[in-house]
Amino acid sequence: MHILVAGAGIVGVSTAIWLQRAGHSVTLVDRTGPASGTSHGNAGVLAAGAVVPVTTPSLFKAAPGMLMRRDSPLFLRWSYLPKLLPFLAKYMRHANDAHVDVYTNAMSALLHDTYDQHMALAKGTSAEQFIGAEDYCFGYQTHADYLADSYGWGKRDAAGVTYEVVSGKDYAKEDPTFGEAFETVVRCKNHGRISDPGAYVTALADHFVTEGGTLQIATINDLEMAGDTIAALHSSDGRLTADRIVFALGPWSKEIAHKLGVKVPFESERGYHIELINPSQMPKNPMMVASGKFVLTPMEGRLRAAGVIEFGGLEAGPSKGPLNLLKRQIDMLLPDVTYDSIVEWMGHRPAPADSLPLIGANDRHGKSYSAFGHQHVGLTGGAKTGRIIADLIDGKKPNIDLAPFDPRKYAKI
């Protein structure tokens, strides 16, 4: 079959490679090229234990105060609030314990073997060099702060996430970078790190092309439907057709999904990072700084601080507040660090109201497929998502319950 994959982030590139390995002719279409969005700017962590959503029961109480505090990791462009309110109402409905359990069970199945999935995807390619098996650590300023986070760790316990709780002093014996900043450190096992997410996805895309795949730089403008199934894509390169079409457009998926009848409540989460180029201090492991809800990740020649959530839509440019917060946090955490320069970045995470990605067929005929909406774990879940989509197209039944991710659950909304 000839298959068209729309979107060249980690999910789209993974899908294209697994379909290619299954013997299909594949065209990968993207408006700017591989890894030009969130797949470049993420924290670089293969976070197998990221099985607790933002929408925990405590969010109702915490969110208003967070929006008002200068040093909170949650931001809102107030001019966007009228457009955001319908989504926000649906989003907050999921801030309950029952939905947390639904999310935890579903995402555990998707993410638990992320390191192995990325190794399988990158095996024999130049992308393999970017994958490391480091622990993913959480640093708490006080042990009381760790205990206050017990709800999330309890959910991870139930999901079988393996971790070790150590004192900050013991952790500093291995990695003195943070000194006495943390009283308690949690080391999550069976995780991993991508040392350069943009280079990693680009290397995978280069491998896809080398193996005979087609990379087409074009903007998808519209869909052409035949009844309840898709007939073609209209793009800046003209009309595009294929036997099967996969949509992996990340935060730009909403309009197309709705035209396909997948009425997913959906928003863009604006994420930020700053990078210190050639820093004088480099941590050994990725570190989630619990107080600021951002991740410090050692990368190739640079230290990336990534995180922060802002609701503000796809159109507006970066805000200064989130970037300034990240800079202040680094200044407090690493007061003696020096570096050659600093780089700022803002990108978009695809956020469904229930925080669950859409993975599966959009119609009963299996003509088109969705593979988007991974929110904070696109890199983590991208390799496996691509493999699942390839299996579905080949008529194979993946060894995972896909009901929580089924795009057709939105068909009647």
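## A guided tour of the predicted model

Begin by selecting Ile-217, which lies in strand β10, the run of residues 214-217; keep in mind throughout that the structure on your screen is a predicted model.

Next, select helix α5 (residues 97-111) together with helix α8 (residues 150-159), whose axes come within 10 Å and cross at roughly 45°. That angle makes α5 oblique to α8, and the crossing of α5 and α8 is right-handed.

Now turn to the salt bridges, of which the model has 21. Show the side chains of Arg-187 and Glu-174, which meet in a salt bridge with a distance of 2.5 Å from N to O. This pair links distant parts of the chain, since Arg-187 is in strand β8 (residues 184-188) while Glu-174 is in helix α9 (residues 168-174), 13 residues apart. Arg-187 counts as buried at 11% relative accessibility, whereas Glu-174 is partly exposed at 33%.

Move on to Glu-269 and Arg-349, another salt-bridged pair, in which the closest N and O atoms are 3.5 Å apart. Glu-269 lies in strand β15 and Arg-349 in strand β19 (residues 341-352), so the pair ties together parts that are 80 residues apart in sequence. Are these two partners buried or exposed? Glu-269 counts as buried, with a relative accessibility of 0%, and Arg-349 counts as buried too, at 12%.

Stay with strand β19 and select Glu-344, which pairs with Lys-327 of helix α12 (residues 320-333), 17 residues apart. The side chains of Lys-327 and Glu-344 meet in a salt bridge of 2.6 Å, N to O; here Lys-327 is partly exposed at 25% relative accessibility, and Glu-344 is partly exposed at 35%.

The last stops concern the backbone. Most residues other than glycine have a negative phi. Select Asn-278, in the loop between β15 (266-277) and β16 (287-289), where phi is positive, about 50°, although the residue is not a glycine; Asn-278 is partly exposed, with a relative accessible area of 43%. Then select Val-308, in strand β18 (residues 302-311), whose phi is also a positive value, near 70°; Val-308 counts as buried, at 3% relative accessibility.

Notes. Residues are numbered from 1 along each chain as its sequence is written. Side-chain values use heavy atoms; hydrogens and water are left out. Helices (H or I, at least four residues) and strands (E, at least two) are DSSP runs, numbered from the N terminus. Buried means under 20% relative accessible area, exposed over 50%, partly exposed in between (1.4 Å probe, protein chains only). Axes are lines fitted to C-alpha atoms, for helices over the stretch in contact, and angles run from 0 to 180 degrees between N-to-C directions. Angles under 35 degrees count as roughly parallel, over 145 as roughly antiparallel, 65 to 115 as roughly perpendicular and the rest as oblique. A crossing is left-handed if the near helix is turned anticlockwise from the far one by less than a right angle, and right-handed if clockwise. A salt bridge is a side-chain nitrogen of Lys or Arg within 4 Å of a carboxyl oxygen of Asp or Glu.
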